[in-house]
Number of protein chains: 2
Amino acid sequence: MPRAAATKTPTRIQRQKTRAILDAALDVFSQHGFRGATLDQIADAAGLSKPNLLYYFESKEAIHRTLLNRLLDTWLDPLRQLDPDGEPLREIRAYMLRKLEMSRDYPRESRLFANEMLQGAPRISDEINGQLKALVDEKAKVIRGWMQAGRLAVADPYHLIFSIWATTQHYADFEVQVRGILGAAEDGHFHDAAQFLTQLYTSGLTPPEGRTGGPS
Amino acid sequence: MPRAAATKTPTRIQRQKTRAILDAALDVFSQHGFRGATLDQIADAAGLSKPNLLYYFESKEAIHRTLLNRLLDTWLDPLRQLDPDGEPLREIRAYMLRKLEMSRDYPRESRLFANEMLQGAPRISDEINGQLKALVDEKAKVIRGWMQAGRLAVADPYHLIFSIWATTQHYADFEVQVRGILGAAEDGHFHDAAQFLTQLYTSGLTPPEGRTGGPS
DNA sequence: AGTCGCTTTGACCAATTGGTAAAAACCACG
DNA sequence: CGTGGTTTTTACCAATTGGTCAAAGCGACT
């Protein structure tokens with residue numbers, strides 16, 4: 001029984017079922033939050049009986065914890081890729097677009113995260129005050145460096161990052177609202193969003209006049 | 001018994017208790033969502049017994065419905081105030097600031113709304129496709145008018161509105177995250193946010209060159 | 001074919017959940 | 001100070017919830 005910390009080699013069935021469970025759980029948790037989700041719902045969605053589900057995961061919380069842990073890694077990746085040696089404006093825009101793509105490709109993950117935040121991040125606050133804060137601090141420093149070098153309009157780098165998070169995740173988290181107002185679109189309006197946000201951040205961050213640092 | 005549609009004059013006690021219940025319910029629902037909230041939690045927070053609570057409201061859903069109805073009204077107010085006859089850039093900025101103030105002063109309402117969206121808006125989709133859409137359509141047309149008159153940089157007005165919603169509500173909905181990264185501040189960093197967003201939208205929406213419409 | 005370990009099931013539990021019924025307590029008003 | 005309506009409590013309920021347990025089923029390998 002895999003219930004006590006991975007027994008050596010996970011069987012093919014084990015990997016397969018675990019994946020099905022996590023996928024189903026992502027559906028349910030991202031929609032209803034931790035408290036609002038039930039094991040029966042998850043088991044149903046995964047095509048298993050509840051006891052069978054609990055054969056693969058110790059508890060409801062264990063499933064949720066697993067999801068959150070996996071999430072944070074991929075979630076922070078776009079920011080990690082922000083290159084201190086790149087061209088500032090291009091880097092910011094590319095970061096924003098990567099986040100937007102994440103919202104498009106992983107909306108459930110975005111909503112899972114949002115749900116956790118709304119609840120006061122009871123099971124993820126450590127990571128927020130740890131990993132996440134550290135990474136944001138680091139990148140904020142990079143951005144501030146660019147600004148001080150005159151290669152980017154001066155603005156608070158933290159709030160800049162927040163605004164990128166907010167605007168991009170909005171299309172996943174508030175998808176229903178967007179669809180309600182703009183109607184259903186094949187790509188969920190991500191193309192238009194990308195264009196709008198590119199423009200907003202381009203004109204919002206282009207430095208006023210002469211470039212200090214760049215080549216010619 | 002007030003349980004069957006308001007009996008004429010609501011007693012002082014009735015008004016008082018109903019308010020306490022709604023306030024407590026706002027706390028609980030905004031944190032845990034509809035499914036995740038329990039009547040016991042709400043009753044506790046309101047300082048009542050569960051049966052006593054159910055003396056004032058028919059059901060859990062009735063409480064939630066009441067909250068959502070009241071919410072939508074105040075929620076759309078900032079947008080309603082957007083004045084077609086005002087100075088475009090000032091109007092947009094003022095709207096953004098009003099929304100930001102709402103996030104600061106009514107964070108629970110913001111989270112209640114967010115929770116409902118995350119769940120797919122099962123009990124509010126009518127209003128979204130009705131009232132909300134109508135208002136947004138109307139104001140988007142106003143904004144597009146400003147853009148076509150050269151009084152505002154050209155951009156998709158819908159996505160502009162979405163970005164304002166996203167950036168401002170972020171400070172309420174993701175408050176834990178903001179606090180985790182920036183530390184606790186008296187005003188929850190709303191001053192800095194206001195400054196950043198003002199700058200972003202000002203430079204992002206200022207029309208490129210000659211003003212067409214305005215007085216000299 | 002047998003068997004050993006992995007997987008699944010059915011029956012079950014205690015706690016919690018939304019909600020009810022009726023009696024008791026309270027309160028304003030004549 | 002009593003009385004009629006309002007408010008609150010006590011005692012319940014059936015359904016759902018997260019979770020357990022032992023028995024049954026299954027599958028790969030000898």
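Contact here means heavy atoms within 4.5 Å.

## Basis of the model

This is a predicted model: local features need pLDDT of at least 70, side-chain atom pairs count only at pLDDT 80 or more, and totals for chains, interfaces and linings use all residues. Residues are numbered from 1 along each chain as its sequence is written, chains are lettered from A and ligands numbered from 1 in the order in which they are written, and side-chain values use heavy atoms, with hydrogens and water left out.

## Fold of chain A

Chain A has ten helices and zero strands. Helices (H or I, at least four residues) and strands (E, at least two) are DSSP runs, numbered from the N terminus. The C-alpha trace spans about 65 × 40 × 30 Å along its principal axes.

Take the contacts in chain A with a separation of 6 or more: 71% of them join residues 24 or more positions apart.

## Surface and charge

Chain A has 216 residues, and 50% of them are buried. Buried means under 20% relative accessible area, exposed over 50%, partly exposed in between (1.4 Å probe, protein chains only). The accessible surface of chain A is about 10100 Å² (Shrake-Rupley method, 1.4 Å probe; for residues, only the protein chains shown count as cover). Carbon and sulfur atoms hold 49% of that surface.

Chain A carries 27 positive and 27 negative charges, and their mean positions are 5 Å apart. Lys and Arg count as positive, Asp and Glu as negative; His and the chain ends are not counted. Each charge is placed at NZ of Lys, CZ of Arg, CG of Asp or CD of Glu.

## Positive phi in two loops

Most residues other than glycine have a negative phi. A:His189 has phi near 70 degrees. This residue sits in the loop between helix H9 (175-182) and helix H10 (190-205) of chain A. A:His189 is buried, at a relative accessible area of 10%.

In chain B, phi of B:Ala121 is near 55 degrees, again a positive value. B:Ala121 lies in the loop between helix H6 (107-118) and helix H7 (125-148). B:Ala121 is buried, with 1% relative accessibility.
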